[in-house]
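Visitor: Hi! Could you walk me through this one, starting with a single residue and then moving on to how the chains meet?

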Amino acid sequence: MEIILPKFGLFFWTVVIFLTFFLILRKVAWKPILRALQEREQEIEARLQAAAEAQKKMEQITQQNEKMLQEALLAKEKILKEAQELKAQIENQARQEARLLAEKMRKETLQEVEQIKKSLKDEIKKEVVEMSFYVAEKILSRELRNKKTHDSYVEALISDLQLNPKRVTG
Amino acid sequence: MYSWIQRLYIFLLLVITSFPLKASDDTNSEKFDISATLFHHVLETHDWHVADIPLGGGEYLSITIPLPWLVYNPQKKTIDFFFLLGHSEKEKNQIAQQKGYVLHHEKLYIRNENVLSPDGKPLPEFEKEVEKIGAVWKPKKGSHRVIEQDGTLIALSDELIDLSPSKTVLHMLLVGILLLIIFSKIAKEYQINKDKPPKGLQSMFEPVIIFIRDEVAKPNLGNRYEAFLPYLLTLFFFIWFSNLLGLLPLSSNIMGNISVTAALATLSLILTNINGSKDYWKHIFWFPGVSLPMKFLMLPVELIGIITKPFSLMIRLFANISAGHFMVLSLISLIFLIGKNGTSAGGTIGGILLAIPFTLFIYCLEFLVAILQAYIFTLLTCVFIGQAMASHEEHH
């Protein structure tokens, strides 16, 4: 029977001890612990959110990078193509110019050669004339030593001169 | 911290060993009184009886820590604080009688000297009442009775209010100090270990704290849970630790005292009713949605309901914990019963072989019961508060 009868003393002390420790624990333990737990949970949540956002941003950046890379590749190809074209053009031009130059040089050389040829011809002509004169003189002088021949020749010349009066005056 | 524990230990050792040899009163009785043993262990006492060490020849070294008596004497209107140091109830009673009290079956009474003269003869006006030993009569205040002690009649009055810090009170204090040490340490760890994963004690109790918060408080109390959480946590850990301490040898079953569970249930009752919403009181005094005669019929039912809820809390916790202690004690007592109190060696060995596995099983079960009952008490307190706080619009 005694076991199921509450005793005032123990009841009183239970209330006192329980409430005292409740008040102390609330201040010393529960409030700091619960606050720390809440703070940590909030922080974890915030960090998870931040991580998700960062990942999203990262993906965006990666996509952007890829796009930029693609663009860069395209640009590179374009530039290369242009460069090749330019190169070909320059080569062509150079070749043409070279050809033109060669042509010009050939022409000039030809002209020069022509000129030299001409002057050589003139000189040769002159030389030949002089030599002819010389030879003719030599021949004449030898022929004319013979009186008879000399006379016949002079006569021939005179007859020729008569036939061609212009030459005498000239 | 170790140094003061060591100091406390040395102090306790000095206290314990300062009590000399005691000739046991009932070692020679052949019959083992199982019921007396059980109740002696389960009921609260005014000393902490640690052990009896047999010294042979019927001599025992009784290791007992005496606890003080603190009583309010309404006749003299005084509060008395004293120790009753003695090796038997007889010796203690002698000291008590010098102070005007009588120790009878481990309870203290006021010795009523107005009824009996010091030599035990009844005063003329009380002759009739004292005719029979054990007579109980109720004058204006308290209850009086006459007992016989050592051949003399003594009149007792139980007006006395016993506020003694008994063994249970001492153990409750120990539980409180333990809680304080553990949880203030954990609170500090949260500050030291900020932004780090919990470790040690912190990681041991954090899941429990979070469980109480998320599974007990939040679903029942809604957005006001934060205000009640410290109370609920204290309640849960106080009951749990008390139950665990009660499983240790040498300690008392704190929650197996109906006074303790009654106190906790009363606090739950108060907490429930001071937080009662308008709807809660309306449901009690003017039950909605029923006819007028039914409203009057529901009034006493609801009023009783206020009490029955915490009453069930009180009984459930008390019954579960004391039942566990009774089970363990009964099984241990089997050894003494079968072994004829140590006189039959075969019986003793048989008893040990029989009782130990069962005791171990019950013990393991008690570890589960310890936390389960703490959880149930906390959860139901929380549910009652939640029900009282709720406005019932959402239900109708």
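Visitor: Leaving aside neighbours within four places in sequence, which residues is B:Asn275 in contact with?

Guide: Those would be B:Arg224, B:Phe228, B:Ala388 and B:Met389. Contact here means heavy atoms within 4.5 Å. Before we go on: this is a predicted model, where local features need pLDDT of at least 70 and side-chain atom pairs count only at pLDDT 80 or more, while totals for chains, interfaces and linings use all residues. Residues are numbered from 1 along each chain as its sequence is written, chains are lettered from A and ligands numbered from 1 in the order in which they are written, and side-chain values use heavy atoms, with hydrogens and water left out.

Visitor: Got it. Where does B:Asn275 sit?

Guide: Look in the loop between H7 and helix H8 (278–285) of chain B. Helices (H or I, at least four residues) and strands (E, at least two) are DSSP runs, numbered from the N terminus.

Visitor: Is B:Asn275 buried or exposed?

Guide: B:Asn275 counts as buried because its relative accessibility is 16%. The cut-offs are under 20% relative accessible area for buried, over 50% for exposed, and partly exposed in between (1.4 Å probe, protein chains only).

Visitor: What lies 2.8 Å from a polar atom of the B:Asn275 side chain?

Guide: The backbone oxygen of B:Leu271.

Visitor: New topic, then. How many residues of chain B are in contact with chain A?

Guide: 52 residues of chain B, and they meet 35 residues of chain A. Together the two chains bury about 3900 Å², with 78% of it on carbon and sulfur atoms. Buried area is the accessible area (1.4 Å probe) that two parts lose on being put together, summed over both.

Visitor: How many residue pairs are in polar contact between the two chains?

Guide: Seven, with both residues at pLDDT 80 or more. A polar contact is a pair of N or O atoms within 3.5 Å; within protein, one must be able to donate a hydrogen and the other to accept it, and residues adjacent in sequence count only if both atoms are side-chain atoms.

Visitor: And what supplies the largest share of chain B's side?

Guide: That's H4(B), with 13 residues.

Visitor: How many salt bridges go across the interface?

Guide: The rule finds two between chain B and chain A. A salt bridge is a side-chain nitrogen of Lys or Arg within 4 Å of a carboxyl oxygen of Asp or Glu. B:Glu206 forms one with A:Arg40, their closest N and O atoms being 2.5 Å apart. A:Arg40 is in helix H1 (residues 8–144) of chain A, and B:Glu206 is in helix H5 of chain B.

Visitor: Which of those two ends is buried?

Guide: B:Glu206 counts as buried, at 9% relative accessibility. A:Arg40 is partly exposed, at 21%.

Visitor: What about salt bridges inside one helix?

Guide: A:Glu43 and A:Arg47 make one (3.3 Å, N to O). Both lie in helix H1 of chain A, four residues apart, about one turn of the helix. A:Arg47 is exposed because its relative accessible area is 55%.

Visitor: Which residues are linked in a network of salt bridges?

Guide: A:Glu41, B:Arg213, B:Asp214 and B:Lys218.
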